[in-house]
Amino acid sequence: MAKKRPQTKAKRPQLTDGEIPVVGAREPCPCGSGRRYKACHGRTAAHAATELVHRPFEGLPGECDWVALRELVPAATVELPLKDGLPDGVPSVTLATVLPMAWPALRRDDGSVLLGLQNDTSSGDISRDLADTLQRALIADPGTPVQARRAPADGPRLQDLLDPEGAFEPVVHSGFEFWVPDPENATPDVTASLERANAAAIPTVKLSGVDSAYWCETPEKNHLRWVMPHPEEQLLDALARLHAAGRSSLGEGTRLVGSFRAHGLTVPVWDLPSGVGAEDVEKPAAEFAERLASALATDAPLTADERRARGGLTNRQVTLN
C-alpha cells in the first residue's frame with residue numbers, strides 16, 4: 001500500500017471569543033478548532049442562553065411592580081426613562097404588559113416605542129432579552145414591529161439602559177385601547193381585536209396606599225395579590241406569625257390563602273368576598289403592612305402553632321416561573 005502523504009492544515013485566522021458568530025449546532029465552529037460548534041464555543045453560548053437569572057429585575061426602580069406587570073396584571077403601561085436620554089426621533093418609550101400579536105416591541109408611526117413585557121424569552125435572563133428588544137426598537141423604522149430573536153450573551157441588560165433614578169409608576173388600564181392612538185376611529189378589524197382582548201382581561205386595580213398590591217375581580221371571588229421585596233424565608237416566618245395569631249386577614253370574610261413565587265420575589269394572595277372592592281381593602285392593607293413590619297422585625301424562634309401555619313402557607317405556594 002502506498003504511504004499516506006502527511007496532511008498539512010492551512011492555518012486559519014484566530015478569532016477572539018467576541019468575534020465568533022453563531023452557527024448551526026452541528027456545523028464546524030468558526031474559531032477553527034475543528035470541533036462542532038455545539039462542542040466548542042456553542043457550549044458557552046448555550047449555557048449563557050439557558051442560565052436562569054432568578055431576579056431579572058433586581059436593581060431596577062419598582063422591581064416588585066415589574067414582577068406584577070410581568071405575571072399578574074393584564075393591561076398596564078409605564079413610561080421608561082433611559083439612562084442616556086431619548087434618541088432623536090423617539091418622543092417616548094413605554095413599557096406595556098402585552099402588545100398586539102404578542103409583538104416584543106413596536107415602533108409607532110410617530111417614532112415612539114412600545115416595549116412588551118409579557119412575552120416568551122429566548123434566554124434565562126428576561127432583563128437581557130428586553131434590553132436587546134428595546135435597543136432594536138429604538139432604531140427600527142417607524143410603523144414597524146420588532147421581531148423576537150436570541151439576545152447576545154454579552155449584550156446589555158435593562159439595568160444598563162434605564163435611568164436608575166427614574167420613577168416606575170404603572171398605570172393600570174381597564175382595556176387595551178393604548179394599543180392604538182385613536183381607538184374611536186380604528187378600523188373594524190382593529191376594533192374587533194380590541195374587543196376580544198378587552199373581554200379576556202380580568203378587572204385589576206393597583207392599591208394607592210401600599211406598594212405593589214393589586215386587587216382583581218374574578219367571577220367567583222375577588223383577590224388581592226401583593227408583590228413583596230422581603231427575603232422569602234423571612235417573609236414566610238412573618239406571615240406565619242400573623243396567621244397563627246389570627247392577624248393575617250384584611251377584614252371580615254377575607255383570608256390569606258397562600259403565595260406565588262415569581263422572579264425571586266414572594267407574592268402573598270388573599271381571597272376576598274365578591275362584594276369587596278379595591279377601595280375597601282386600602283385601609284386594611286395599610287394596617288396589615290404595619291403588622292407585617294413588626295413581625296418582620298421579630299427574630300424569636302417560631303412556636304409550634306407558627307410552624308404549623310408556616311407549613312400550611314408553604315404547601316400552598318405556587319412558582320410562576
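Mentor: The discussion below takes some of these terms in turn. Please keep in mind that this is a predicted model.

Trainee: Why is Glu63 called buried?

Mentor: The term buried applies under 20% relative accessible area. Glu63 has 11% relative accessibility, so Glu63 counts as buried. The residue belongs to helix 2, residues 63-71. Leaving aside neighbours within four places in sequence, Glu63 is in contact with Arg55, Phe57, Glu58 and Leu265.

Trainee: What makes strand 9 largely enclosed by the rest of the structure?

Mentor: Strand 9 covers residues 222-226, and five of its five residues are buried, so the strand is largely enclosed. Asn222, Leu224 and Trp226 point one way from strand 9, while His223 and Arg225 point the other way, and all are buried.

Trainee: Which strand pairs with strand 9 over four bridges?

Mentor: That is strand 11, residues 265-272, and the sense is antiparallel. Arg225 stands opposite Val269 in strand 11.

Trainee: What makes strand 5 and strand 6 edge strands?

Mentor: The sheet is open and has six strands in the order 5-3-4-2-1-6, with mixed pairing. Strand 5 (144-146) and strand 6 (171-172) each pair on one side only, and these are the edge strands.

Trainee: How many bridges link strand 3 and strand 4?

Mentor: Strand 3, residues 105-107, and strand 4, residues 113-116, are linked by three bridges in the antiparallel sense. Since pairing needs at least two bridges, these strands therefore count as paired. Ala105 stands opposite Leu115 in strand 4.

Trainee: How do you know that helix 3 packs on the sheet?

Mentor: Helix 3, residues 126-138, touches strand 2 (93-96), strand 3, strand 4 and strand 5. Contact here requires heavy atoms within 4.5 Å. The direction of helix 3 makes about 160° with that of strand 4.

Trainee: Why is a space called a cavity, and how many cavities of 30 Å³ or more are found?

Mentor: A cavity is a set of points where a 1.4 Å probe fits but cannot get out. A search of the whole structure finds one cavity of 30 Å³ or more. The largest cavity holds about 60 Å³ of space, a value that therefore passes the 30 Å³ limit of the search. Its lining consists of Pro61, Trp66, Leu80, Pro81, Leu162, Asp163, Gly166, Ala167 and Phe168. These lining residues divide into seven nonpolar, one polar and one charged.

Trainee: What makes a pocket another kind of space, and what lines the second largest pocket?

Mentor: A pocket is an open set of points. The second largest pocket contains about 380 Å³ of space. It is lined by 17 residues, and Pro100, Trp103, Leu106, Trp179 and Val180 lie nearest its centre. Strand 3 and helix 5 (188-200) each supply at least two residues of this lining, and helix 5 gives the most, with five residues. By kind, the lining of the second largest pocket has ten nonpolar, two polar and five charged residues.

Notes:
Residues numbered from 1 in each chain as written. Predicted model: local features only at pLDDT ≥ 70, side-chain atom pairs only at ≥ 80, totals over all residues. Heavy atoms only, no water. Axes fitted to C-alpha atoms, helices over the stretch in contact; angles between N-to-C directions. 1 Å grid on protein atoms, 1.4 Å probe; cavity = no way out; pocket = protein on both sides within 12 Å on 5 of 7 lines; lining within 4 Å. Points joined across faces, edges and corners; volume = space filled by probe spheres on them. Nonpolar A, V, L, I, M, F, W, Y, C, P; charged D, E, K, R; others polar. Buried < 20%, exposed > 50% of the residue type's maximum accessible area, 1.4 Å probe, protein only.
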